[in-house]
Amino acid sequence: MILVIVRTALRQYAIRRGDLANMLPVHTHADIVALGNAQHPAVSVELGEWFDPADRSAPGRRHALVVPLRRRPIVFLVERIEQALENPQVYPVPAFIAHHLREEWALGVITLEDQLAVLIDLRAVARSVVLQRRQDVLES
Amino acid sequence: MADITSQRPLDVLIVQIEHELYAIPSACVREVARHRAITPIPGAPRTLPGIISQRGSILPVADMRLILDLGLAEVTRATRLVLINYQESDLALLVDAVLDLESFPVEIVEPVPAALDLARARFLAGVVQFEGQPVALLNLDELIASLRDWE
């Protein structure tokens, strides 16, 4: 399993390369729009901000992580891609926390020198994004 | 229940949370560490702000302020992580400061005041007076059970 380590404004996360259709730099909103099409417009989300409103990047050059869902691509924006690791040791989320997760987004934890990175199930997050968007539309 | 007051004498680590003093049984304390970056787990409750790596182990962190319903506070130079092992569980308790190790005769332990808010009282096993201030003895059985059951 190849894991991609990505950095948001405040944190770093590990993502399974297999969850992604593509990852590429984007400079403008038009670059993001171009990742979808008329039938399947892309939905873009700041990955850091999705988890923590304080984890907000300044506008500018980003990297897009494209998760292909059935109806449309979900584009997660991160500040940068740090590295890719092949078959790193993945530790389980400690049971005290795992039992209380309101969403099944965290698959485990990896260690990066003296730091930790949470391994994220980006497809599960993408599904949550779609559900949230649908709910927002219904409530508007 | 393994009652904290069954120890004779009562050896505890005194910590500060908000402006109150609390006592953790010394036998459970593995280490006291300075505050360092806590890695949040997306989707976790606020009482469990994340994980830390300590000597090769990944430990969950429990924010004692939020567990005791005392509200959030800024991290300061005094903020500490008290690493405990209890009932085969490893956990880091986030507290505002660590004061000292103390030993109390068990006879001086008083019951938890009946007027205390129930949400907080459930985590306390008793109260002792220390240098003119009340020190609440943490009930680790209840703390661990609540972390296992927290909805």
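In this predicted model, in which local features need pLDDT of at least 70, side-chain atom pairs count only at pLDDT 80 or more, and totals for chains, interfaces and linings use all residues, strand 4 (residues 43-46) and strand 6 of chain A pair in the parallel sense over 4 bridges. Strands pair here if DSSP finds at least two bridges between them, and both helices (H or I, at least four residues) and strands (E, at least two) are DSSP runs, numbered from the N terminus. Residues are numbered from 1 along each chain as its sequence is written, while chains are lettered from A and ligands numbered from 1 in the order in which they are written.

**Strand 6 of chain A and its partners**

- Val45(A) has Phe76(A) of strand 6 of chain A as its bridge partner, and Glu46(A) stands opposite Leu77(A) in strand 6 of chain A.
- On strand 5 (residues 62-68) of chain A, the pairing with strand 6 of chain A is antiparallel and runs over 6 bridges, with Ala64(A) opposite Leu77(A).
- Strand 5 and strand 6 of chain A also form a hairpin, with 4 residues between them.
- Strand 6 (residues 73-78) of chain A is mostly covered, as 6 of its 6 residues are buried, where buried means that 20 or more other C-beta atoms, placed from the backbone, lie within 10 Å of the residue's own.
- The cover lies on both faces of strand 6 of chain A, with Pro73(A), Val75(A) and Leu77(A) buried on one side and Ile74(A), Phe76(A) and Val78(A) buried on the other.

**The sheet of 4 strands in chain A**

- The 4 strands form an open sheet in the order 3-5-6-4 of chain A, with mixed pairing.
- Strand 3 (22-26) and strand 4 of chain A stand at the edges and have a single partner strand each, so one side of each is left without a neighbour in the sheet.
- From one strand to the next, the twist averages 30°, based on axes that are lines fitted to C-alpha atoms, for helices over the stretch in contact, with angles running from 0 to 180 degrees between N-to-C directions.
- Helix 4 (residues 122-139) of chain A packs on this sheet and touches strand 4, strand 5 and strand 6 of chain A, and its direction makes about 85° with that of strand 5 of chain A.

**The sheet of 5 strands in chain A**

- Another open sheet has 5 strands in the order 7-1-2-9-8 of chain A, again with mixed pairing.
- Strand 7 (80-86) and strand 8 (106-112) of chain A are at the edges with a single partner strand each, so one side of each is left without a neighbour in the sheet.
- Strand 1 (residues 2-7) and strand 2 (residues 12-16) of chain A run antiparallel and are joined by 5 bridges, and Val6(A) stands opposite Tyr13(A) in strand 2 of chain A.

**Chain A as a whole**

- Chain A has 4 helices and 9 strands, which follow the pattern β-β-β-α-β-α-β-β-β-α-β-β-α along the sequence.
- Buried residues make up 32% of the 140 residues in chain A.

**The contact between the chains**

- The contact takes 17 residues from chain B and 20 residues from chain A, where two residues are in contact if their C-beta atoms, placed from the backbone, lie within 7 Å.
- Strand 5 of chain B gives the most to the side of chain B that touches chain A, with 3 residues.

Definitions and conventions:
A residue is buried if 20 or more other C-beta atoms lie within 10 Å of its own, exposed if 12 or fewer, and partly exposed in between; C-beta atoms are placed from the backbone.
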